Amino acid sequence: MSEQEKQMYFEEYKLAIETQMHFNELLLKLRSFGITAVIAIFGYAVQSTKPQIIIACGIALLIVLACVDLGYFFQLLLGAVERSTTIEEKISVNLTGAINQRVCKAKAWWVLIGFYVFVLIIGIILLFIIA
């Protein structure tokens with residue numbers, strides 16, 4: 001590989017890493033603000049006159065957040081990670097590869113699903129307690 005090709009791959013690699021960081025930041029904001037809103041809705045429902053409807057709205061919001069997270073933004077992040085890994089093989093760098101060895105894709109999926117299921121269970125328990 002020529003020096004010019006290495007430089008081209010390195011520039012693309014830097015862009016891929018920046019893209020990963022961007023999507024990761026978006027996901028953290030989506031999750032933190034989204035879950036805060038859902039928990040606030042659940043909290044409001046406890047003192048409301050129609051708590052079942054409000055809790056159902058919180059659960060619906062949670063499902064929408066999970067779909068947007070897992071079905072769109074997380075997929076974009078995985079695409080950026082895969083591209084970084086491919087480039088790393090060409091330029092002899094192993095940052096993304098080392099991270100992938102510690103936290104594989106399947107483990108990340110289970111943690112995310114657990115995150116949303118935990119909040120969903122809280123909402124379902126509230127529905128039964130208040131009903």
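Analyst: In this predicted model, the side chains of R83 and E12 are joined by a polar contact of 2.7 Å. R83 belongs to helix α2 and is partly exposed, its relative accessible area being 32%. With residues up to four places away in sequence set aside, R83 touches Y9 and E12. R83 also stands 9.7 Å from T96, C-alpha to C-alpha, although 13 residues separate R83 and T96 in sequence.

T96 is part of helix α3. Because its relative accessibility is 3%, T96 counts as buried, the limit being under 20%. Beyond residues up to four places away in sequence, T96 touches Y13, I17, Q20, V81, S84, T85 and E88.

A polar atom of the E88 side chain does, however, lie 3.2 Å from the backbone nitrogen of L95. Apart from neighbours within four places in sequence, E88 is in contact with Y13, V93, N94, L95, T96 and G97.

Contacts of E88 also form part of the packing between two helices. Helix α3 spans residues 95-102, and its axis is 8 Å from that of α2, at an angle of about 125°. The pair is therefore oblique. On the α2 side the meeting residues are V81, S84, T85 and E88, and on the α3 side they are L95, T96, G97 and N100.

A further helix pair consists of α1 (residues 3-46) and α4 (residues 105-130), whose axes come within 10 Å and cross at roughly 10°. At that angle α1 counts as roughly parallel to α4. The α1 residues that meet α4 include R31, I35, V38 and F42, while L112, F115, Y116 and L126 are among their counterparts in α4.

Charged pairs complete the account. Side chains of opposite charge can pair when their charged atoms come close. The model contains five salt bridges. One of them joins the side chains of E82 and K105, with an N to O distance of 3.2 Å. This pair links distant parts of the chain, since E82 is in helix α2 and K105 in helix α4, 23 residues apart. E82 is partly exposed at 44% relative accessibility, and K105 is partly exposed at 43%.

The side chains of E11 and K14 meet in one, at 3.3 Å from N to O; both residues lie in α1, three residues apart, about one turn of the helix. E11 is partly exposed at 38% relative accessibility, as is K14 at 36%. K29 forms another with E25, the closest N and O atoms being 3.1 Å apart. K29 and E25 are four residues apart in α1, again about one turn of the helix. The relative accessibility of K29 is 42%, which makes K29 partly exposed, and E25 is likewise partly exposed, with a relative accessible area of 44%.

Terms used:
Residues numbered from 1 in each chain as written. Predicted model: local features only at pLDDT ≥ 70, side-chain atom pairs only at ≥ 80, totals over all residues. Heavy atoms only, no water. Polar contact = N/O pair within 3.5 Å; in protein donor to acceptor, adjacent residues only side chain to side chain. Contact = heavy atoms within 4.5 Å. Axes fitted to C-alpha atoms, helices over the stretch in contact; angles between N-to-C directions. Parallel < 35°, antiparallel > 145°, perpendicular 65-115°, else oblique. Buried < 20%, exposed > 50% of the residue type's maximum accessible area, 1.4 Å probe, protein only. Salt bridge = Lys/Arg side-chain N within 4 Å of Asp/Glu carboxyl O.
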